[in-house]
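Work through the exercises below with the sequence and the model open. Try each task before reading its solution.

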Amino acid sequence: MELRVLKYFLMTAREENITHAAELLHITQPTLSRQLIQLEEELGVKLFQRSKHRIILTEDGMLLRRRAEEIVALTEKTMEDMQHKTSQLTGKISIGSGELKSSRFLAELIASFHSEHPEVQFEIYSGQSDNIKERIDHGILDMGLLVEPVDISKYNFVRTPFKERWGALVNENSELAGKEEVTPEELSCFPVILSQREMVQNELLNWFGEYADGLQRVASGNLLYNIAELAKCHLGNVVTLELNCSYDGLRFIPLRPALESGTVLVWKKTQVFSPAGNAFISYARQYLENLRDNV
């Protein structure tokens, strides 16, 4: 498979129309059709279901799209990492982060590093710990800021001094909205919306203790914005981390007994970094050490 043909495939998958894709790629429609047919023959699978006006991906096509996106992203990142043949540090550093209050620390770290190395660019990916780890494993991300609990056995890491506080995001018209804190017994009386991450769910169920078995779990999600909309519609209370933002119509109430999670900045042990990546890791270690000394 050629990288060029994978890009042709991705454009066609996006447009769902060979003629439109060919125009955007600046090639003829017969040329694009021939390349896609040859790709199907090379792989021995059917990638598209074709109709008169539209083509859609088959199951094999959807699998290839995911892999092709990773291959193209990794190739482009490798090329960027190689383009650092100047006396000044250059390149791009890709970092994943969850929705965390600790994201402010990450932003301050990046800004501080950038003030010393203004030619280095940053690419930020927002997600939860599991898909950030997956992208680190595939080489698409250099590192990630993860919230615990999380398995970091195959990563190098530095722990931050910050703690993330758990609570319930409840509708302002809820019976719980007037409380300063909420207990497992009180929260278990209403439907709840939890994180999709199994390790986090287990941590939360441990907090609910004897009330865990009776919980009415009505939904789950990976990032807060969309599941907060469910709470606005009275579907349930979201058990989530406290963020430096607010949602109209909702109120954050801390858990009692308090539940907190640590955060870690991780990168793959076997990763070979660009000079910019190595410099950033060294800088992050020293930055965090200085933070701990001043806490």
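The exercises cover aromatic pairs, helix packing, and some backbone and loop residues.

This is a predicted model, in which local features need pLDDT of at least 70, side-chain atom pairs count only at pLDDT 80 or more, and totals for chains, interfaces and linings use all residues. Residues are numbered from 1 along each chain as its sequence is written, and side-chain values use heavy atoms, with hydrogens and water left out.

**Exercise 1. Aromatic pairs**

Classify the ring pairs Phe 113 with Phe 122 and Tyr 283 with Tyr 287.

Solution. 
- Step 1. Set the rule. Rings of Phe, Tyr and Trp (its six-membered ring) pair if their centres lie within 6.5 Å. Planes under 30 degrees apart count as stacked, over 60 as edge-to-face and the rest as tilted. The rule gives 10 aromatic pairs.
- Step 2. Take Phe 113 and Phe 122. Their ring centres are 6.0 Å apart and their planes stand at 85 degrees, so this pair is edge-to-face.
- Step 3. Check the accessibility of both residues. Buried means under 20% relative accessible area, exposed over 50%, and partly exposed in between (1.4 Å probe, protein chains only). Phe 113 has a relative accessible area of 0%, so Phe 113 is buried. Phe 122 has 21%, so Phe 122 is partly exposed.
- Step 4. Take Tyr 283 and Tyr 287. Their ring centres are 6.4 Å apart and their planes lie at 25 degrees, so this pair is stacked.
- Step 5. Helices (H or I, at least four residues) and strands (E, at least two) are DSSP runs, numbered from the N terminus. Tyr 283 and Tyr 287 are 4 residues apart in helix α10 (residues 275–294), so about one helical turn separates them. Tyr 283 is buried at 18%.

**Exercise 2. Helix packing**

Describe how α1 packs with α2 and with α3.

Solution. 
- Step 1. Axes are lines fitted to C-alpha atoms, for helices over the stretch in contact, and angles run from 0 to 180 degrees between N-to-C directions. Angles under 35 degrees count as roughly parallel, over 145 as roughly antiparallel, 65 to 115 as roughly perpendicular and the rest as oblique.
- Step 2. Start with α1 (residues 3–15) and α2 (residues 18–25). Their axes come within 8 Å and cross at roughly 130 degrees. α1 is therefore oblique to α2.
- Step 3. List the contacts, meaning heavy atoms within 4.5 Å. From α1 come Tyr 8, Met 11, Thr 12, Arg 14 and Glu 15; from α2 come Ile 18, His 20, Ala 21, Leu 24 and Leu 25.
- Step 4. Sort the residues. Ala, Val, Leu, Ile, Met, Phe, Trp, Tyr, Cys and Pro count as nonpolar, Asp, Glu, Lys and Arg as charged, and the others, Gly among them, as polar. The α1 and α2 contact has 6 nonpolar, 2 polar and 2 charged residues.
- Step 5. Turn to α3 (residues 29–43). α1 and α3 pack at about 105 degrees, with their axes 10 Å apart. α1 is therefore roughly perpendicular to α3.
- Step 6. List this contact. Arg 4, Val 5, Tyr 8, Phe 9 and Thr 12 in α1 meet Leu 32, Gln 35, Leu 36 and Leu 39 in α3.

**Exercise 3. Backbone checks**

Which residues do the cis peptide bonds with omega of about 5 degrees join, and where do Glu 16 and His 234 lie?

Solution. 
- Step 1. Recall the background. Most residues other than glycine have a negative phi, and most peptide bonds are trans.
- Step 2. Find the cis bonds. One joins Glu 148 and Pro 149. Another joins Arg 256 and Pro 257.
- Step 3. Locate the prolines. Pro 149 lies in the loop between β5 (143–147) and β6 (155–171). Pro 257 lies in the loop between β10 (250–254) and β11 (260–268).
- Step 4. Read phi. Glu 16 has a positive phi near 55 degrees, and His 234 has a positive phi near 65 degrees.
- Step 5. Glu 16 sits in the loop between α1 and α2 and is partly exposed at 30%. His 234 sits in the loop between α9 (224–232) and β9 (237–241) and is exposed at 54%.

**Exercise 4. A loop residue**

Is Thr 58 buried or exposed, and which residues is Thr 58 in contact with?

Solution. 
- Step 1. Locate Thr 58 in the loop between β2 (55–57) and α4 (59–82).
- Step 2. Its relative accessibility is 10%, so Thr 58 is buried.
- Step 3. Leave aside neighbours within four places in sequence. Thr 58 is then in contact with Lys 46, Leu 47, Phe 48 and Gln 49.
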